[in-house]
Amino acid sequence: MSPAIDAPPVPRGAAAEGNSTAPSWLVWAALGVVYVVWGSTYLAIRVTVQTLPPLLTAGVRFTVAGVVAYLFLWARGGTQRIRVEAREIFACTIVGTALLFGGNGLVTLAERSVPSALAALIIGSVPLWVVLLRALKGESVGRSTFVGVGIGFVGLSILVLPGSGTTGVPIGWMLLIVLASASWAIGSFMSRSLPLPGDPFVSTAVQMMTGGVVLLITGLIHGEASGLDFSSFSTSSIVALGYLIVAGSWLAFTAYVWLLQNAPISKVATYAFVNPVVAIFLGWWLLGEQITPVILLGATIIVLSVAAIVRKESSPGDS
């Protein structure tokens, strides 16, 4: 589940450079799944919220995905594998709320008014927020990384400031996605120090279940269930929701975790700047979303700054 809203944060200590024993074609096939599927989730969210209530839909998506994943892990590994302690459930609830409610839930809410490509670009700023959080905690952050962060936020400002060329898109909804990207970064950052389950699949399943329940409760409080008319749900919205559950939350995540164990981290982390590019193309191609020169300028600045930071942070010896 990071820059692509479904992507978990890239753990440190993943496969070292050059230590992969997996066939190259299989690595690139898995990367292709992560690139395309996570890049397409913004489009799928946009289609889903055309007729479905955003918070309840996101809640159903992650609750169902989490429960099915948890049951699958139980069937494959038995009770011992899925056993979690109370403190681990609490930690998963904190991270799941920050990632799935604060991150994905706010994006789903905002995409009723914000084009999918623009949402993907704003969420692409997540690595910039993570660097700021690291600096605030007192971690050593290189000068060149800070320069990359500053340039990235210039690109973000180009996208969201009034008169930026995103005509017709309310700034309030764009700022909500900026808040979502900050929340996703906070959840990603906290996940490094909280006592999460050791099995990444179990951890993610529990995070999806707890975060999904928070989304469902919030949707009910928000009044989304009031006067709900199931006959108004379009087939395309329902199909898009199924795609988010199966492809976004199961297939791509499995490919991502496999990559962390079988490919260099610098190669895996490239999804951070490929996903927004995929989202821009799909939004233009399938939904006819307008791509203005100003949006292209902001996109170029953000993608290049994130690419530079990912390359710097993935180099041996860098913190």
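Reply:

**The largest cavity and its surroundings**

The largest cavity has a volume of about 40 Å³. This value, like the others given here, is computed from a predicted model. The residues lining the largest cavity are Ile-45, Thr-48, Thr-57, Ala-58, Arg-61, Asn-104, Thr-108, Leu-241 and Leu-244. Two or more of the lining residues come from each of α1 (24–48), α2, α3 (86–110) and α9. Among these elements, α2 supplies the largest share, three residues. Sorted by class, the lining of the largest cavity comprises four nonpolar residues, four polar residues and one charged residue.

The helix α2 also takes part in an open space, the second largest pocket. The volume of the second largest pocket is about 310 Å³. Its lining consists of 14 residues, of which Ala-69, Phe-72, Leu-73, Phe-201 and Thr-254 are the closest to the centre of the pocket. Two or more lining residues are given by each of α2 (54–82), α8 (200–221) and α9 (235–262). Here, too, the largest share comes from α2, with six residues. The lining of this pocket is made up of nine nonpolar, three polar and two charged residues.

When residues up to four places away in sequence are not counted, Tyr-70 touches Ile-82, Val-84, Val-202, Ala-205, Val-206 and Met-209.

Read from the N terminus, its elements follow one another as α-α-α-α-α-α-α-α-α-α-α-α. Of the 319 residues in the protein chain, 53% are buried. The chain exposes about 13600 Å², and 70% of that area is supplied by carbon and sulfur atoms.

To return to the cavity, α2 gives the largest share of its lining, and α2 likewise gives the largest share of the lining of the second largest pocket.

How values were computed. Residues numbered from 1 in each chain as written. Predicted model: local features only at pLDDT ≥ 70, side-chain atom pairs only at ≥ 80, totals over all residues. Heavy atoms only, no water. Helix = DSSP H or I, 4+ residues; strand = E, 2+ residues; numbered from the N terminus. Buried < 20%, exposed > 50% of the residue type's maximum accessible area, 1.4 Å probe, protein only. Areas by Shrake-Rupley, 256 points an atom, 1.4 Å probe, with all protein chains shown as cover. 1 Å grid on protein atoms, 1.4 Å probe; cavity = no way out; pocket = protein on both sides within 12 Å on 5 of 7 lines; lining within 4 Å. Points joined across faces, edges and corners; volume = space filled by probe spheres on them. Nonpolar A, V, L, I, M, F, W, Y, C, P; charged D, E, K, R; others polar. Contact = heavy atoms within 4.5 Å.
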